[in-house]
Amino acid sequence: MTQTLVPTRVSAETLRDQLNDGAELALIDLREVGAFSAAHLLFAVCIPLSRIELEVATLIPRLDTRVVLTDEDGQLAERGAGVLTELGYTQVAQLDGGVHGWAAAGFELFSGVNVPSKAFGEFVEHRYHTPDIDADTLHARIAAGENLVVLDSRPLAEFDAMSLPDGICTPGAELVYRVHDIAPDPETTVVVNCAGRTRSIIGAQSLINAGVPNPVVALRNGTMGWHLSGYDLRYGATGEVPETTPGGLQSAQAAAARVAERFGVNTIDPAELDVWRKDRSRTLFLLDVRTQPEFLAGHLPGARHAPGGQLVQATDEYIGVRNARIALTDNDGIRATMTASWLIQLGWPEVAVVKATASARSERGPRPRPAPILDELKPELVSAPTLDRLRQEGRVNLLDLSRSDRFIKAHIPGAEHAIRSRIGQRLPELPNRPWLVFTCETGDLARLAANDYTTATDARVAALMGGNAAWLESGYSLVASEHGAREPAEDIWASPYADSSRLREAMNAYLDWEIALVEQIERDGTATFVAFD
């Protein structure tokens, strides 16, 4: 029996109605993240066409999910619809005219990345009047030896790269979990900071919502504000997330209980979770919000790691289906409850905390992203020694599909960078050589590209077995160089820290952009943020 598919195109007006109808919808932008960040729909999730087979099953796990594809003008969407249909997705449509069609209809476009979460942070500050402190005042109070602590709500890797000199790494969902041990004196002022604004605001408001007795403030504009005020940052720290004592845990549990009551956080047991798992009419995301070492040591079968602070900060990187069900898990409910409270305010209609025993966390180690198509591919593979011989003989064009910034930091000598979705345009420009070999960091994208272009050229097409990682393991070296990076770096988002020659200008522009999001989401009209009095 042939399944009936939805129309292949939808108008901007129809898509706007779908965004507001409360049903599940995956709105996917197929451009590279650099192009995506220039202008996109508020709730679009960036899954570049070049990586779609590797990422779509994680972000859209149910094959009959309603999917709308968008891009700049419709060209990538045509190709993406074909790929998704081959993968088994049955309700795939394209936004007529892409983002140009959306704008032509008079609707709002947004720049930047993780925009719903960042707009929500501004909404929270605007709605709850989250108290803050500027860099000059904080610096003076630190210099005066006042009773305060600075809690950095970013992940450990970000903290280690750059932090305030007196900062303590306490990522997002860890704040309520650990603050009672870090600042047991209720007279201690707690300052929460991040790189910019969102995680500072959400982190400080988390502590306030939890009823922490300490004075709590957000560092206005985070480390950017600190830097712009002329104060030194610490680079290369080796921070550790502070441990929790039994007394601190008890206080955190009481705080989480207050939050659960105020924001209506529901708790389900494993039996109810199984009911959700078996419901094929709904999409379920089961996410473990603890630290990575805790997740790796043992988690619920099928759970993905999504540290709570980052899940709130970048929801679109973990959840690709609007209005899907979300089940959050940890080991005692505290961090899951705090995260759930924010997802509820972000407008997710069905969020629950899973109450499970330690024995139920039986799955260990990292959970690979599902990409079933990789098991079906049979491209020719070459070993590192074979590739090295071909290089030495000058008989191979080697294209590296790694992200462009990672390519510049480390690639095989002689390789050129390429974006998979543009390979067809690159082929006529390549020197006439008998071999065309693809590589990337792990080899997965290379295998997909080799499969794509096996018959598109007279050259013998192959992928490097195991990619650049296998090249290194075989004893060969990688080089750091911009040589070979010929295409525009549209596969990365340039953060305000990317260009040191215009750092102050970029930071100020970024902060102005964040602050302006409140008015922009009001104009857009598709956000469903919820405020609790």
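Q: Why does T8 count as exposed?

A: In this predicted model, T8 has a relative accessibility of 54%. Exposed means over 50%, so T8 counts as exposed.

Q: Where does T8 lie, and which residues does T8 touch?

A: T8 lies in the segment before β1, which covers residues 9-10. Leaving aside residues up to four places away in sequence, T8 touches V92, A93 and Q94.

Q: How far apart are T8 and A93 in sequence and in space?

A: In sequence T8 and A93 are 85 residues apart. From C-alpha to C-alpha, they are 4.4 Å apart in space.

Q: Why is T337 called buried?

A: The relative accessible area of T337 is 8%. Buried means under 20%, so T337 is buried.

Q: Which helix holds T337, and which residues does T337 touch?

A: T337 is found in helix α16. With residues up to four places away in sequence not counted, T337 touches A256, V259, A260, V265 and V353.

Q: Why does N221 count as buried?

A: N221 has a relative accessibility of 18%. The cut-off for buried is under 20%, so N221 counts as buried.

Q: What is the phi of N221, and in which loop does N221 lie?

A: Phi of N221 is positive, at about 70°, although N221 is not a glycine. N221 lies in the loop between β10 (216-219) and α11 (222-228).

Q: How do you know whether N114 is buried or exposed?

A: The relative accessible area of N114 is 8%. Since buried means under 20%, N114 is buried.

Q: What is the phi of N114, and in which loop does N114 lie?

A: N114 is a residue other than glycine with a positive phi, near 55°. The loop that holds N114 runs between α5 (98-104) and α6 (115-128).

Q: How many cavities of 30 Å³ or more does a search of the whole structure find?

A: The search finds four.

Q: Which residues line the largest cavity nearest its centre?

A: The lining of the largest cavity has 18 residues, and F43, P116, T315, R322 and W348 lie nearest the centre. By class, that lining divides into 10 nonpolar, six polar and two charged residues.

Q: Which helix gives the most to the lining of the second largest cavity?

A: Helix α10 gives the most, with five residues. At least two residues each come from α10 (198-209), α15 (308-313) and α16. The second largest cavity is lined by 15 residues, with G172, A173, I202, S206 and G309 the closest to its centre. Six residues of this lining are nonpolar, eight are polar and one is charged.

Key. Residues are numbered from 1 along each chain as its sequence is written. This is a predicted model: local features need pLDDT of at least 70, side-chain atom pairs count only at pLDDT 80 or more; totals for chains, interfaces and linings use all residues. Side-chain values use heavy atoms; hydrogens and water are left out. Helices (H or I, at least four residues) and strands (E, at least two) are DSSP runs, numbered from the N terminus. Buried means under 20% relative accessible area, exposed over 50%, partly exposed in between (1.4 Å probe, protein chains only). Contact means heavy atoms within 4.5 Å. On a 1 Å grid over the protein atoms alone, a cavity is a set of points where a 1.4 Å probe fits but cannot get out, and a pocket is an open set with protein on both sides within 12 Å along at least five of seven lines; lining residues have an atom within 4 Å of a point. Grid points are joined across faces, edges and corners, and a volume is the space filled by probe spheres set on the points. Ala, Val, Leu, Ile, Met, Phe, Trp, Tyr, Cys and Pro count as nonpolar, Asp, Glu, Lys and Arg as charged, and the others, Gly among them, as polar.
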